[in-house]
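Subject: Structure handover

Hello,

I am passing a structure on to you. Please open it first, then read my notes below.

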Amino acid sequence: MRNSQEQALQSLIDDLRQRAAEAEETLAAIRDGSVDAVVVGGEGKDEVLVIGDDASAFRNFMEAMEPGAVAVDSAGRLLYSNARFRQIFAEDWDRLKGKLLSEILPGPASQLIGRLVSPDSHDAAPVSVSFLERGVERNYLVSARPVHLGTVRGFAVTFSDLTERVRAEAAERAQRIANAIIASANEAVIVCDRTLTITHANFAAEALSTEKLVGTRLDAAIPLKFPDATGILEIGELVESSLAGTPLRSIEAYAPMSPGARDVLVSAAPLNISDDGPEGCVLTLVDLSQRKKDERQMHLLMRELDHRVKNTLALVLSISKRTAASEETLEGFQGSFSGRIEALAATHNLLAGASWESLSLRQIFSAEVSPYTETSSDRINITGADLSLYPRAAIALGLIFHELATNATKYGALSAETGSIDLEIHPKTDAPYVQVTWTEKDGPPVKSFSRKGFGHTVIARSLSYSPHGGTTLDFEPTGVICRIRIPVSDVA
Amino acid sequence: MSTEEASTRKLILYVAGETPKSLAAISNLERICREHLPGKYRIEVIDLKKNPQLAREHKIVAIPTLVRELPIPIRKIIGDLSDEQKVLINLKVE
């Protein structure tokens, strides 16, 4: 009996000890802030009392904030989030509460924001983060400030949506880059909208019109003519084709209204800014004027070359036959023939150097006479303004000067040390020719050509391709005088 | 009682709505159990803000408090359970 009383007493003591220990532990927990609510009983009714400030006002304030906002404890655990934050992450509060920020945010953003809410952060500067929100990248400026929530120290973290601003800045930057690209292009670049109204045009494009391009219709500002083969009638068709998904490249066209009326190479490509189809068209116009001119020049030269080669071969053949007929020995033939071919070659060289356009008469004279004497010496006296001669006259005159110089060297002024030659270039008159006079003097007494050989024929006939061209050769006692008439049509 | 049932911890966590310590306690308990007692625990969360009278059964005064009901004897851990070692010792995991 006594034994059972002792046992009951012992049990009571143990229970009291247990309860005392619990009470002590509870008080300690309240004192050191491990709990933030207590149960109080009164009039048989229990009630929960939250220790510290009432967080409802804080929550209401956060809820009204436009940026996403959360309250986290020092471990980064979510204590509260407002509607905008829940919207950003498309989550209910029941799924978010108590979670760590690092569990919600994607890796890189989590690390950056983690530094903001670490206990050793002191007024850390806001960080810019971006992450996908329903598949679309959005940008936020995240800042954190320390707060007290009840017994807990934590942080209020706000997420300000910068997406539109970032997009606007990116768009503005892209626009600047696009403008810079357009402006720096050497070719004319024009951007027009779907109604053909020009929205962008670079400097090279402005040069294609006499009017300001931006704001005007493309077809009115730069009307183009297309060759029949392209099947395109006007520039608007090019744009429409490009908007319909068929970009056109390198279409030759002619811009008759542009300053200088230019040939251009036009390309048109759709301007795709979004997935909603092309918003306009980008046209590039390459100025072909110089290229066309070069092509025309090349074709002209090709035809001219063909013509000249044939003529030259015929001339060489003729020189060969005539020289052979007028020379009695092989050596004589070789000397005369070589001299004439070299004379021809000298003029050809000069013409080749001048792109077969025109040659100076003085140059031709120097090239043909210099093998026989110093053209800058006192023995050669040239007067009159120089003439620029087209190839046909240049070749003929080259042969004439060669024959005259050869004759002068053998029999005339250049055969004696005292002889000299005057070359007088007469000024242009109303006559259909320009006269040049070759006058020899102070040479040995002159005899007429003993027989009229091929040299004489060359002098007499080389310029006879025109009724206004030709020569008159006089054997004056003082020296040979050759009056050369160059058709004025061959004088540039 | 089978061996499996005997080794299952029945844990009751008393919280007060969404106070910071209550949220921390829920989060810490779930994590500790997930990591150290996989498949060997049952958690019941009782919100005393909604049902304050339920505090009487285990004589709860401070919130949050975790009660290990099984295996007996009953154990109580007061606080937000951020001291993982203390929790594991009381749950007799280590």
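Start with a pair of helices in chain A. A:Ala343, A:Ala346, A:Thr347 and A:Leu350 of helix 12 meet A:Gln363, A:Ile364, A:Ala367 and A:Glu368 of helix 13. By class, this contact between helix 12 and helix 13 of chain A has 5 nonpolar, 2 polar and 1 charged residues. Please keep in mind that this is a predicted model.

Two packed helices are described by the angle between their axes and the distance between the axes. Here, the axes of helix 12 (residues 330-353) and helix 13 (residues 361-369) of chain A come within 9 Å. They cross at roughly 145°. The crossing of helix 12 past helix 13 in chain A is right-handed.

Now chain A as a whole. It has 15 helices and 19 strands. Of its 492 residues, 31% count as buried. Look at the contacts in chain A with a separation of 6 or more: 50% of them are between residues 24 or more positions apart.

Helix 6 of chain A (residues 107-116) is worth a look. Which of its residues are buried? They are A:Ala109, A:Ile113 and A:Leu116. Seen down the axis of helix 6 of chain A, the buried residues fall within an arc of 30°, so they line one face of the helix. On the other side of helix 6, A:Gly107, A:Pro108 and A:Arg115 are exposed. The buried residues of helix 6 pack against helix 5 (101-104), strand 5 (127-133), strand 6 (136-149) and strand 7 (152-161), also of chain A.

Next, where the chains touch. Chain B gives 24 residues to the contact and chain A gives 26. On the side of chain B, helix 2 (20-36), strand 3 (62-63) and strand 5 (75-78) each give two or more residues. Helix 2 of chain B gives the most, with 6 residues. By class, this side of chain B has 14 nonpolar, 4 polar and 6 charged residues.

Last, the cores. The largest nonpolar core has 58 residues. A:Val72, A:Ile113, A:Val157, B:Leu13, B:Leu48 and B:Ile63 touch the most other members. Helix 2 of chain B supplies the largest share of this core, 6 residues. Leaving out residues up to four places away in sequence, B:Ile63 touches residues of chain A including A:Val35, A:Val39 and A:Val48. In chain B, B:Tyr14, B:Ser22 and B:Leu48 are among those touched by B:Ile63.

Best wishes

Conventions
Residues numbered from 1 in each chain as written. Chains lettered and ligands numbered in written order. Predicted model: local features only at pLDDT ≥ 70, side-chain atom pairs only at ≥ 80, totals over all residues. Helix = DSSP H or I, 4+ residues; strand = E, 2+ residues; numbered from the N terminus. Buried ≥ 20, exposed ≤ 12 C-beta atoms within 10 Å, placed from the backbone. Contact = placed C-beta atoms within 7 Å. Nonpolar A, V, L, I, M, F, W, Y, C, P; charged D, E, K, R; others polar. Arc of directions from axis to C-beta. Core = buried A, V, L, I, M, F, W, Y, C linked by C-beta atoms within 7 Å. Axes fitted to C-alpha atoms, helices over the stretch in contact; angles between N-to-C directions. Left-handed = near helix turned anticlockwise from the far one by under 90°.
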